[in-house]
Amino acid sequence: CGDVWHPAQVPKTGLEEVDERFSFDFIEDVANWSLEHMYRYKIIILAKANTISHSDEHWMTPDIERSFDSYVCAGNSLLAIHSGSVGYQDNSILRNLLGGTFVHHPEQCLVTIEPKHDPLTEGIEPFVIKDEHYFMEVDQNVEHFLHTRSEHGVQPAGWRRTVGNGRVCVLTPGHNLEVWLHPSYKRVIRNVL
């Protein structure tokens with residue numbers, strides 16, 4: 001987690017508040033990442049954009065992309081939250097794995113997070129919160145369970161798909177800590193986990 005535009009402390013604090021039944025290990029420095037490390041977990045949460053410096057330096061190499069793909073295809077799960085969908089449009093393997101990618105967002109504004117009737121949104125009511133309203137390019141072969149609405153339009157905000165023997169889920173809200181701490185958003189994350 002953590003990149004030029006998204007401080008690691010936001011997802012760290014947000015995830016620590018999801019549910020005491022879950023514990024999380026965080027990697028901020030990609031030098032500490034390895035394929036062997038991935039396989040210690042049944043689910044990886046990607047909350048890091050593909051930009052590690054203001055000079056647009058990327059961390060996602062073709063080898064790392066292939067590792068994510070083999071990890072999921074082997075029966076594990078990947079959850080990309082907010083920044084985990086940013087900057088991967090030119091990384092064809094990861095972009096295809098996610099089933100979509102970030103395109104742009106307007107200035108932060110009030111965003112309504114709207115669940116569809118789905119097991120992943122059980123117990124969730126629509127809520128309004130200030131956030132970046134992500135505009136996404138999403139494949140047709142995903143199952144949408146969450147949308148966002150603002151003065152700028154309506155966008156998919158949560159989807160899932162099966163890849164090989166594994167599962168992938170994407171949640172786009174979450175620039176601000178208040179989003180992560182909202183009871184309904186915590187519940188969505190808990191339901192996905």
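Start by selecting Asp-139: at 22% relative accessibility it is partly exposed (between the cut-offs of under 20% for buried and over 50% for exposed, with a 1.4 Å probe and protein chains only). Before you go on, note that this is a predicted model, where local features need pLDDT of at least 70, side-chain atom pairs count only at pLDDT 80 or more, and totals for chains, interfaces and linings use all residues. Residues are numbered from 1 along each chain as its sequence is written, and side-chain values use heavy atoms, with hydrogens and water left out.

Arg-95 lies in helix α4 and Asp-139 in the loop between β6 and β7 (143-150), so the pair ties together parts 44 residues apart in sequence. Helices (H or I, at least four residues) and strands (E, at least two) are DSSP runs, numbered from the N terminus.

Keep Arg-95 on screen and pick Glu-137: these side chains also meet in a salt bridge, 3.0 Å from N to O. Arg-95 is buried at 9% relative accessibility, while Glu-137 is partly exposed at 45%.

Next stop, helix α3 (residues 62-73): Arg-66 and Asp-63 sit three residues apart there, about one helical turn. Their salt bridge spans 2.4 Å, N to O. Asp-63 is exposed at 53%; Arg-66 is partly exposed at 44%.

Finally, select Asp-19, Arg-21 and Arg-190, which are linked in a salt-bridge network. The whole structure holds nine salt bridges.

Definitions and conventions:
A salt bridge is a side-chain nitrogen of Lys or Arg within 4 Å of a carboxyl oxygen of Asp or Glu.
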